[in-house]
Amino acid sequence: MIATTNQIEVHKVKESRIPQVDWDNLGFGTVFSDHMFVVEYRDGAWQKPEIKPYGTIAFSPAISALHYGQAIFEGLKAFRNDKGEIRVFRPERNAARLNKSAKRLSMPEYPVESFVEAIQQLVELDQEWVPNGAGQALYIRPHMFAIDEYVGVRPSQSYMFVMFTCPVGKYYTGEVKVKVEREYTRAARGGAGNAKAAGNYGAALMASAQAQQDGYNQLLWTDSSSHEFIEESGTMNVIFRKGNTLFTPAVSDSILDGVTRESVLQIAKDWGYTVEERKVSVVEVIEAIKNNELDEAFGAGTAATIAPIRVINYDGSDFTLRPYTEWEFAPKISEYLDQLKRGLQEDTHQWNKRVI
Ligand SMILES: *Cc1c(COP(=O)(O)O)cnc(C)c1O
């Protein structure tokens, strides 16, 4: 079946795979909805966009994304409430960040309005795939990669921009243990750490795997030159609380500018907390835990939303915060953000994009 809606050509699946979904065991990123959005960039312009059945795409093994890493992605979510309404959280922000990443990797930008329109149509078409259980959402994965069939190092002249979606459950369960990484680096000054570039994640896998072998869920990355300042936690931004003050590493070219981070900080200000975006040293955090002054530490990112950090390992010793049940801010913001995204809180900053 072919229907054209606002210039996106839509080819629907003959039969939905919905009946095969085990809604109680979604996991994260293993179940794929019926459709995907695809558009190619050639001859200096974006071509006709399509929504079509989710499935494999055939490529030459010579495409440059595979060899030189011109590949970027985004991650955002759509939420359903009990009334059947569906909203996407801050899609314009992800569109803008995709373009920032594109620029950094010499890739073409995709118009913000077209990005939002594509999400709107894709989510509307696959609305039955948006779950509404506790912690559940429809994860949307936009990504762009170079498809020139050419084995020379230069910016590709052709690209593919694809979005598929996954109904997902909770990302982490419970409190996490992190280890301060002082040997490897995720991103260096002048590098592409503030782009959601695929290569950043591949380069971080070995260090993360080692930490996991040692019994930690994630790393607490430090700066590449001194390893004294905290950058991020795994693939999340990290935020700390001491009394009425929230503090977090200021974004830089080695820190990804997270939408969750920005949203949490804005709401904290609305609630009357003091917010500090600055350098945060490992020693400052460890000393605060030792003195029983660090009230909370958590990761912030779209996948997990808020991941409470209970244990921080530093140079071989574990430092433990009070139990999450005694925390004040993280539980409150988790609940608030979940309700806001489902349309059950007043959307004071107009962050939600209503799909249905
Ligand atoms: C995606 C990502 C984040 C979180 O960004 P959100 O927009 O909140 O999802 C933080 N750090 C890294 C390295 C990331 O890739």
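The C-alpha centres of domain 1 and domain 2 lie 27 Å apart in this predicted model, where the domain assignment of the protein places domain 1 at residues 9-170 and domain 2 at residues 176-341. Contact between the two involves 20 residues of domain 1 and 20 residues of domain 2.

**Nonpolar cores**

- The largest nonpolar core contains 52 residues, and those with the most contacts inside it are Phe37, Phe115, Val123, Phe161 and Met163.
- Strand E10, which covers residues 159-168, supplies the largest share of this core, namely eight residues.
- Because domain 1 (9-170) and domain 2 (176-341) both give residues to this core, it lies between them.
- Apart from this core lies another one, of 44 residues, which includes Val180, Leu246, Ala268 and Val280.
- As general background, nonpolar side chains in soluble globular proteins tend to be buried together.
- When residues up to four places away in sequence are not counted, Val123 touches Ala78, Ile86, Val130, Leu138, Ile140 and Val355.

**Ligand and its surroundings**

- The ligand is surrounded by 14 residues, of which the closest are Lys196, Tyr201, Glu232, Thr260 and Thr302.
- For Thr302, an N or O atom of the side chain is 2.6 Å from an oxygen atom of the ligand, while the corresponding distance for the side chain of Thr260 is 2.7 Å, again to an oxygen atom of the ligand.
- The side chain of Arg97 likewise has an N or O atom that is 2.8 Å from an oxygen atom of the ligand.
- Taken alone, the ligand exposes 380 Å², and the protein buries 96% of that area.

**Thr305**

- Thr305 has its place in strand E18, which covers residues 305-314.
- With a relative accessible area of 15%, Thr305 falls below the 20% cut-off, and therefore Thr305 counts as buried.
- Leaving aside residues up to four places away in sequence, Thr305 touches Thr260, Gly299, Ala300, Leu337 and Lys341.

Key
Residues numbered from 1 in each chain as written. Predicted model: local features only at pLDDT ≥ 70, side-chain atom pairs only at ≥ 80, totals over all residues. Heavy atoms only, no water. Core = buried A, V, L, I, M, F, W, Y, C linked by side-chain atoms within 4.5 Å. Buried < 20%, exposed > 50% of the residue type's maximum accessible area, 1.4 Å probe, protein only. Helix = DSSP H or I, 4+ residues; strand = E, 2+ residues; numbered from the N terminus. Domains from an automatic or database assignment. Contact = heavy atoms within 4.5 Å. Near = heavy atom within 4 Å. Polar contact = N/O pair within 3.5 Å; in protein donor to acceptor, adjacent residues only side chain to side chain. Areas by Shrake-Rupley, 256 points an atom, 1.4 Å probe, with all protein chains shown as cover.
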